[in-house]
Amino acid sequence: MPDTRVSIPELLNMKRSRTKITMLTAYDYSMARAVDQAGIELILVGDSLGMVVLGYESTTAVTMEEMLHHAKAVRRGVKRALVVGDMPFLSFHVSLRDTVKNAGRFVQEAGCDAVKIEWKNGIEDVAKAIVDAGIPVMGHVGLTPQTAAGAGGFRVQGRDAESALRIRAQAVALQEVGCFAVVLECIPDALAKEITERLSIPTIGIGAGPQCDGQVLVSYDLLGLFESFTPKFVRRYATMAETIREAVGAFRDDVRQGFFPGREQTFSMPPEELARLQQELGTSRGAA
Ligand code: KIV
C-alpha cells in the first residue's frame, strides 16, 4: 500500500480512469487505523456516529462537540486516507458565518481534510462559502437523513421522473459551486448512472447501485457491529457483535472457573524477594 496521502486530484484521476473509490465511516482511533491500513481512500467521520456509537434515535441529536471529539480520534489513527468530517444538523443551517466557522473547526481543531454537507434548500450558498474559505466540500443528495423525517421518511428518493431530475440538478449545482465529490444515497441505479456520467467530480454511492464512481458504507453495518436494523443496501462482511458476545462469554466463563488469569498473564516476584517479603511479613505479624 503506498503511504502517500490520498489527494483530491487523485480521486478525480480515479474517476477518469474508472478505478472505483472506497469510503467507510470511522469514529475512533483503532477503527480508523485499521480501515486506513486496509487501503480505503476516504474515511468519513459520519454523523451516523449518533446512532451506531452514541445510541441516539436519529442523527439530528449529534452536536458539533461530539463530532469534533470523534474526528480528532480518527485523525490520530489515519496516515493515508482523506479524512472527511460530516457537518451535523444545525451546524450549517443558521448563518453563513457560523457555517464557515464550524467547517473551519473540523479542519483546525480536528485535522480533517474536508467536510461533508447534506442537501437542503439554499445549500449552494453554504457550500460556496465553505469552498471560498479554502475548505474542500463533499455534497450529499438523495436520501438525506438529517431532514428525512420532514421529507416523508427514510425511503428511496428519485423514483419518479420529476424528483429524479431534481436530484440530478442538486448534484450538478453542488459541482458548480466547487464540491470535490458528491454522495448519492438511496436512489435508483439508473439515476445514479446518469448523475455519474454527467458530473466530472466523483459520485460515491450508498444504496445507489454499482455505476457510481465509488461506494460508501457505515463501517458498523459492514462489520455487523450495529444490529438494530440493516438497510437493504448493506452487505455484511463480518458478524462482529456476535464475535464480541462469544469472546466476552468465554472470558466470563474462564474467570468463573478460575482459568483466567493463567501463568502467562500473571506477574511473579524474584524468589529471593519473595522470601524476604515472607520473612518481613512473619516478623511484623509476630510483632503485632
Ligand atoms: O453519516 C454517515 O455515515 C453518512 C454516510 C452514510 C454517507 O452520511
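**Close-up 1. Packing of helix α5 against helix α6.** In this predicted model, helix α5 (residues 96-108) packs on helix α6 (residues 123-132) at an angle of about 50°, and their axes lie 9 Å apart. That angle makes α5 oblique to α6, a term for angles that are not under 35 degrees (roughly parallel), over 145 (roughly antiparallel) or 65 to 115 (roughly perpendicular). The crossing of α5 past α6 is right-handed, meaning that the near helix is turned clockwise from the far one by less than a right angle. On the α5 side the contact (heavy atoms within 4.5 Å) is made by L96, T99, V100 and A103, and on the α6 side by D125, V126, A129 and I130. Sorted by class, this contact of α5 with α6 has six nonpolar residues, one polar and one charged.

Close-up 2. Within helix α1 (residues 8-16), L11, M14 and K15 are buried, that is, under 20% relative accessible area with a 1.4 Å probe and protein chains only. Seen down the axis of α1, the buried residues fall within an arc of 100°, so they line one face of the helix. Among the elements that cover these buried residues are β1 (21-25), β2 (42-45), β3 (82-86) and α9 (189-198). P9 and R16, on the other side of α1, are exposed (over 50%).

**Close-up 3. The residue R18 after α1.** Following α1 comes R18, with a positive phi near 55°.

**Notes.** Residues are numbered from 1 along each chain as its sequence is written, and side-chain values use heavy atoms, with hydrogens and water left out. Local features need pLDDT of at least 70 and side-chain atom pairs count only at pLDDT 80 or more, whereas totals for chains, interfaces and linings use all residues.

Methods
Axes fitted to C-alpha atoms, helices over the stretch in contact; angles between N-to-C directions. Helix = DSSP H or I, 4+ residues; strand = E, 2+ residues; numbered from the N terminus. Nonpolar A, V, L, I, M, F, W, Y, C, P; charged D, E, K, R; others polar. Arc of directions from axis to C-beta.
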